[in-house]
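Trainee: Hi! Could you walk me through this structure? I'd like to learn how to read one.

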Amino acid sequence: MNPGDRVRLTREGRTHEGVLLPSSTDEHVVLKLDGGYNVGIERAGSETEVVEADVYDIASADEDDASEVEFDEDLPTVALISTGGTIASTVDYRTGAVTAQFDAEDVLRAVPELAGRANYRGRVVANILSENMTPDIWQDLAHAVHEEIEAGADGVVVMHGTDTMQFSASALAFMLDTPVPVVFTGSQRSADRPSSDNVMNAVCAVEAAKSDCAEIMVCMHATDSDDRCALHRGTRVRKNHTSRRDAFETVGARPLGWVDYDAEEVTFRREYHERDATDLAIAPDLETDVELVKFTPGTSEAVLDAVAGSAGLVVEGTGLGHVHTDWIPRIRELIEDGTTVAMTSQCLGGRVCDRVYDTGRDLLDAGVIETEDTLPGTAKVKLMWALANTDDPEETMRTPVAGECSERSVPLENAPEGRP
């Protein structure tokens, strides 16, 4: 039997059937079950039957046996760019260790369901845990995506750890004008877990990268089942759960669309930028001296001393965008000293409006910028970009650039079944 064969394996009275995957050890067999789960089974004492040969055309996982990705001129080309994470990984079932794999051949080994959907090019930008993401890697990633599109890629899939994916997606949304889809995806649960979401997320991300929506998107499970993925606009998405597979949600609206996993169908429910309607362009400069401070009751205004002298500051205030009145004189001093200060809200819905109460009016009088309904994390990224790329960052922070804020708030339409 060879990787890609559909096999039936029986050991100690239990039978498993699925697609044979490469294994990092000769002592174990790794099967991809029909439900999307991976299972590792000891070879010793196992009876194996090949049900169907060459279900997927993938190569051996032996390190000295390099696989080749055949080019099909009838298929679109999708660039696979990795920054790390677990979505494309191999598992050592003896030790439980997960090893990230990066080039196109490795991704096809880890996710054989991708075969035949597109021609692939693989590229590594970083190999980090997403909590170690930095603005300079955002810049490297933006250049890599730009180069892949310039070289003819019909779509790009960025494999990224989930914890900071929303920040990276926002960064690229401001830094790039793209004529093709750029889709971020990742895995909440690593490939060594039975409930791993790496296969479905990867498949749906590739389908989205072949679609007509030329935006920066995040593609992750829409529900906790293996039925469909949601496509979120990169500047409006937020990770709202630590471990659920459907952890990502679009804030303040429905997702842009969905990818039906079984039907392999991409459906959009909101307006989007169409493929080839925008010329490829890049504005990668960032002002990295920008901080995000969260106000809570009882927090001393002395915390602002730590950010004194920064080029920019985003404040995550309460409600309509408020802080304790004792903060306002210190904020005024920061602004007078040259720090651009923008106000966001801790609320997940609605928009900042500092014209309702005295505190808000005092903040506006001090020179604080309202950021409408921009999410706090997105506002930080936007301010980093605006300070480095625009002549009037204050006006830019009030104006939609990449779908991060709306001209006015409207009631959220009833979402279809499921959490999105």
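Mentor: Happy to! Keep in mind that this is a predicted model. Let's begin with helix α3, residues 165-175, which lies across strands β12 and β13 (216-221). Its direction is at about 155° to β13.

Trainee: How many of the residues of α3 are buried?

Mentor: 10 of its 11 residues are buried, so α3 is largely enclosed by the rest of the structure. Among the buried ones are Met 165, Ala 169, Leu 172 and Phe 174.

Trainee: Which residues make the contact between α3 and α7?

Mentor: From α3 come Phe 167, Ser 170, Ala 171, Phe 174 and Met 175, and from α7 come Gly 377, Thr 378, Val 381, Lys 382 and Trp 385. The two helix axes come within 9 Å and cross at roughly 35°. The crossing is right-handed.

Trainee: OK, now the strands. What order do they have in the open sheet of 8?

Mentor: The order is β9-β6-β10-β12-β13-β14-β17-β18, and the pairing is mixed. At the edges stand β9 (119-124) and β18 (265-268), each with a single partner strand, so one side of each has no neighbour in the sheet. From one strand to the next, the twist averages 25°.

Trainee: What about burial in β13?

Mentor: 6 of its 6 residues are buried, so this strand is largely enclosed by the rest of the structure.

Trainee: Which strands does helix α2 lie across?

Mentor: Helix α2 (residues 135-150) lies across β6 (77-82), β9, β10 (155-159) and β12 (182-185). It runs at about 165° to β6.

Trainee: Now the nonpolar core. Which residues of the largest one touch the most other members?

Mentor: That core has 46 residues, and the ones touching the most other members are Trp 138, Leu 141, Val 145, Val 156, Leu 172, Phe 184 and Val 218. The elements giving it two or more residues are β6, α2, β10, α3, β12, β13 and α7 (376-389). In soluble globular proteins, nonpolar side chains tend to be buried together.

Trainee: Can we zoom in? What is Val 218 in contact with?

Mentor: Setting aside neighbours within four places in sequence, Val 218 contacts Met 165, Ala 169, Phe 184, Ala 230, Leu 231, His 232, Val 237 and Phe 248. Apart from this core lies another one, of 30 residues, including Ala 110 and Tyr 120.

Trainee: Switching topic: how many aromatic pairs does the structure hold?

Mentor: It holds 3 of them. In one, the ring centres of Phe 268 and Tyr 272 are 4.6 Å apart and the planes are at 40°, so the pair is tilted. Phe 268 is buried, with a relative accessible area of 19%, whereas Tyr 272 is partly exposed at 26%.

Trainee: Nice. What about the rings of Phe 295 and Trp 327?

Mentor: Their centres are 5.1 Å apart with planes at 85°, so that pair is edge-to-face. It links distant parts of the chain, 32 residues apart: Phe 295 sits in the loop between β20 (290-294) and β21 (312-317), and Trp 327 is in helix α5. Both Phe 295 and Trp 327 are buried.

Trainee: Last one: is Thr 359 buried or exposed?

Mentor: Buried, at 18% relative accessibility. You'll find Thr 359 in helix α6 (residues 358-366). Beyond its neighbours within four places in sequence, Thr 359 is in contact with His 322, Val 323, Thr 325 and Ile 328.

Methods. Residues numbered from 1 in each chain as written. Predicted model: local features only at pLDDT ≥ 70, side-chain atom pairs only at ≥ 80, totals over all residues. Heavy atoms only, no water. Pairing = 2+ DSSP bridges. Helix = DSSP H or I, 4+ residues; strand = E, 2+ residues; numbered from the N terminus. Axes fitted to C-alpha atoms, helices over the stretch in contact; angles between N-to-C directions. Contact = heavy atoms within 4.5 Å. Buried < 20%, exposed > 50% of the residue type's maximum accessible area, 1.4 Å probe, protein only. Core = buried A, V, L, I, M, F, W, Y, C linked by side-chain atoms within 4.5 Å. Phe/Tyr/Trp six-rings, centres within 6.5 Å; stacked < 30°, edge-to-face > 60°. Left-handed = near helix turned anticlockwise from the far one by under 90°.
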